[in-house]
Amino acid sequence: MAEPTRFEVSRRMVLDGVAAGVAIAAAPGARAAAPSASPLRLWYRQPAQKWVEALPVGNGRLGAMVFGGVAHERLQLNESSFWSGGPYDPVNPAARAAIPDVRRLIAEGKYAEAEALANAKVMAIPLSQMAYQPIGDLLIDMPGTSPQAAGDYERALDLDAAVATTRFTLDGVRYRREVLASPIDQVIAVRITADRPGRLDLDVALTSPQRSSPSAAGDTLTVLGQGRDDHGVKGALRFAAQARLLHEGGQLSVADGRLRLRGATTATILLAMATSYRRFDDVGGDPAAIVAGQLAGASRRSFAAIAAAATAEHRRLFGTVTLDLGRTAAADQPTDIRIATSEQSDDPALAALYFHYGRYLMIASSRAGGQAANLQGLWNESVKPPWGSKYTININTEMNYWPAEPTGMAECTTPLITLVRELAISGERTAKAMYGARGWVAHHNTDGWRATAPIDGAQFGLWPMGGAWLCTHLWDRYDYGRDVAYLRSVYPLMRGAALFFLDTLQTDPASGALVTSPSMSPENNHPCGAALCAGPAMDQQILRDLFDQVAEAATILGTDADFVGQVRAARARLAPDKIGRQGQLQEWQQDWDADVPDPHHRHVSHLYGLFPSHQIDVDRTPALAAAARRSLELRGDESTGWATAWRANLWARLRDGDHAHRILRFLLGPERTYPNMFDAHPPFQIDGNFGGARAIAEMLMQSRPGELLLLPALPTAWPTGSVTGLRARGACTVDLSWREGKLGQVRLASAVAQRLTVRCGQARETVQLQPGRAVTLRGASLRRA
Ligand code: FUC
């Protein structure tokens with residue numbers, strides 16, 4: 001017998017791996033479900049056994065993970081404002097007196113001593129922040145059902161409609177379940193149908209891992225509860241979850257705290273959830289009243305009306321972008337098999353699906369009215385999730401929002417902007433109490449209470465740049481959208497972030513340059529026994545962006561001339577990027593890179609200047625770009641999920657499409673992507689999904705002030721394709737197509753008048769864009785430079 005091919009071997013491994021679930025599709029008499037032709041669908045032939053196989057729905061505030069079981073369906077539930085603890089201020093009162101000594105020790109090269117002192121005197125109390133919490137589970141059982149008897153099983157997530165569907169046949173009856181999270185009606189809505197009258201029996205329960213009291217009465221299940229105490233901070237949030245079951249046909253009763261429906265034909269479950277969180281410093285909401293009002297409103301509308309409104313609102317954002325990277329037969333397989341075999345197969349449509357899944361996840365996890373997407377977006381089942389499922393702002397939260405502007409989801413940054421507004425309030429207290437400085441500061445993490453003091457340990461937390469980095473996202477929203485009224489509203493936040501550094505930058509005794517201290521290159525230990533240092537490359541790069549952007553904002557707004565003068569003077573004194581003895585971009589002021597304990601460290605902080613910033617560039621700073629390339633080669637391609645996604649973006653900026661694509665393949669493969677397409681850090685962390693989606697956009701188009709690069713990193717694996725609806729800086733929409741690796745045409749539609757240089761390979765053309773007048777350029781007629 002011929003040896004099986006590599007593809008066949010790994011495919012069989014996948015099927016073996018889901019053997020329990022396969023029994024459903026393989027049951028006697030079962031027909032295989034017809035594969036979905038839609039490119040915008042995740043689908044499976046078996047229910048989820050694990051949480052990372054379940055499918056996410058969300059409306060930015062309410063989230064559910066849908067398992068798609070036959071006899072037992074589980075919807076794991078979240079509400080985005082639900083955090084352990086309550087309003088607290090963790091600044092260490094001893095910090096202010098100790099920081100000058102920490103600085104002095106750093107300046108004297110006594111880094112380990114500096115770190116020990118910081119750990120003793122400077123760190124937050126408590127040393128950990130609060131954790132994002134699950135509300136509970138909605139459990140829907142079909143009593144007396146044997147899952148083995150089910151046939152025709154399929155579960156799917158339609159990214160375009162934002163609906164998760166499960167369907168199967170039992171005893172000749174076709175059952176169908178649809179689940180969605182409505183941003184309009186503010187409920188999770190579940191519709192269950194049988195295609196024969198009277199054949200639907202259900203037991204429905206609502207449970208919670210929190211301190212809570214469940215009850216059932218009439219057609220309604222209610223859970224009222226209280227958030228957890230955490231690290232000595234009292235659980236201050238109250239929450240309510242309430243589900244109502246509406247049915248056609250049959251009898252509804254209450255038994256054992258559950259709703260018991262017998263002999264129905266269809267059932268609709270509407271579920272509302274809320275907490276008493278109003279703002280980071282106000283927990284005075286009335287969750288029971290909120291959910292009762294939302295359920296009363298939604299119950300007046302049919303499931304069809306709720307679903308139509310939810311899908312239309314989702315499509316308003318989702319439908320602005322299309323992407324075609326080509327399609328092969330690999331795309332006929334269920335999604336878990338495509339992921340498992342992706343590193344051996346040619347499946348360009350999987351990259352397109354990953355791109356759209358990233359956009360779907362952003363719309364589902366970050367909308368006005370909800371919280372910013374955290375480390376797990378909106379979806380978390382654990383009361384003690386990895387890293388608290390909070391906001392790590394030394395890369396992860398920023399990466400979450402990397403695709404927002406260029407892939408047509410600017411509106412999804414609204415909760416992030418709210419988060420920054422609130423950080424500026426708590427961070428002003430921290431700046432004063434810890435550093436005696438004006439302005440505001442946030443270190444490497446924050447939570448629902450907008451804690452801003454350094455946590456976890458000095459070697460992780462004593463990094464004062466989190467707020468500054470987030471401010472570059474405030475600027476990007478302006479730069480991509482050009483709304484001056486918006487810029488005026490966020491300018492004080494950018495100004496406050498810059499002011500903190502005018503007060504705290506130190507003069508480097510060796511070079512006379514201005515540097516941050518104490519700080520670190522995020523989480524990377526240098527060879528002198530510590531992470532703490534002065535003026536790591538990343539800090540200088542972030543400050544160049546912050547200072548440039550705040551100065552430009554002030555100029556546009558015609559304000560603050562004196563302040564702009566101070567900012568520009570400080571900017572001119574920042575330490576420049578340096579090239580070290582390995583030809584690498586130096587991560588620190590000192591040429592330490594060759595001697596670090598972890599040469600393949602996941603953070604590539606010093607490459608911020610190449611991506612997401614535009615400071616380092618192949619054309620304008622070729623020597624620094626070559627050094628960045630060398631640093632990337634030294635770090636290696638494969639890392640944790642988000643760190644892999646960052647590398648793909650960096651190689652795209654170096655315009656090496658095949659290298660970026662190799663990294664993307666690893667990111668989309670089974671080591672870094674779970675069967676439900678969630679990114680594996682591991683464990684699950686959503687940043688890699690968002691960073692990967694941005695990398696795909698970055699391979700096709702790069703936008704920088706006044707210049708648009710088309711197909712700058714097109715890999716040979718995507719010879720022919722098209723993308724529409726990408727957004728460029730300067731309020732410009734970009735549609736483009738290519739054939740056999742060459743630009744077909746590009747259409748530019750700008751909302752503001754501007755001159756834009758359009759480049760593709762060696763060709764370039766400068767165009768004058770006017771609002772309301774789209775311009776189409778053909779690849780063949782672009783002038784050679
Ligand atoms: C940073 C990273 C870790 C992880 C955590 C949430 O500390 O270094 O890899 O992503 O954030």
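W83 and Y391 are both buried in this structure, which is a predicted model. Their ring centres lie 5.8 Å apart with the planes at 25°, and because planes under 30 degrees apart count as stacked, the pair is classed as stacked. Since W83 belongs to strand β4 (residues 72-83) and Y391 to strand β18 (residues 391-392), the pair ties together parts of the chain that are 308 residues apart in sequence.

A second aromatic pair is formed by W402 and W646, and its geometry is edge-to-face; these two residues are buried as well. W402 sits in the loop between α9 (396-400) and α10 (414-435), whereas W646 is part of helix α17 (residues 641-653), so this pair joins parts 244 residues apart in sequence.

| Pair | Centre to centre | Angle between planes | Class |
|---|---|---|---|
| W83 and Y391 | 5.8 Å | 25° | stacked |
| W402 and W646 | 5.9 Å | 70° | edge-to-face |

The count of aromatic pairs comes to 22, and ring pairs also link W51, Y357, Y360, W379, F678 and F684 into a cluster.

Turning to the chain as a whole, it contains 19 helices and 29 strands, and buried residues make up 62% of its 785 residues. Its radius of gyration is 27 Å, which agrees with the value near 28 Å that a compact globule of 785 residues would have, and its C-alpha atoms fill a box of roughly 80 × 65 × 60 Å along the principal axes. Of the contacts with a separation of 6 or more, 68% are between residues 24 or more positions apart. The chain exposes about 26,900 Å², of which carbon and sulfur atoms supply 51%, while the mean positions of its 82 positive and 79 negative charges are 4 Å apart.

Methods. Residues are numbered from 1 along each chain as its sequence is written. This is a predicted model: local features need pLDDT of at least 70, side-chain atom pairs count only at pLDDT 80 or more; totals for chains, interfaces and linings use all residues. Side-chain values use heavy atoms; hydrogens and water are left out. Helices (H or I, at least four residues) and strands (E, at least two) are DSSP runs, numbered from the N terminus. The radius of gyration is taken over C-alpha atoms; the globule rule is 2.2 Å times the number of residues to the power 0.38. Buried means under 20% relative accessible area, exposed over 50%, partly exposed in between (1.4 Å probe, protein chains only). Contact means heavy atoms within 4.5 Å. Accessible areas come from the Shrake-Rupley method with a 1.4 Å probe; for residues, only the protein chains shown count as cover. Lys and Arg count as positive and Asp and Glu as negative; His and the chain ends are not counted. The place of a charge is taken as NZ of Lys, CZ of Arg, CG of Asp or CD of Glu. Rings of Phe, Tyr and Trp (its six-membered ring) pair if their centres lie within 6.5 Å; planes under 30 degrees apart count as stacked, over 60 as edge-to-face and the rest as tilted.
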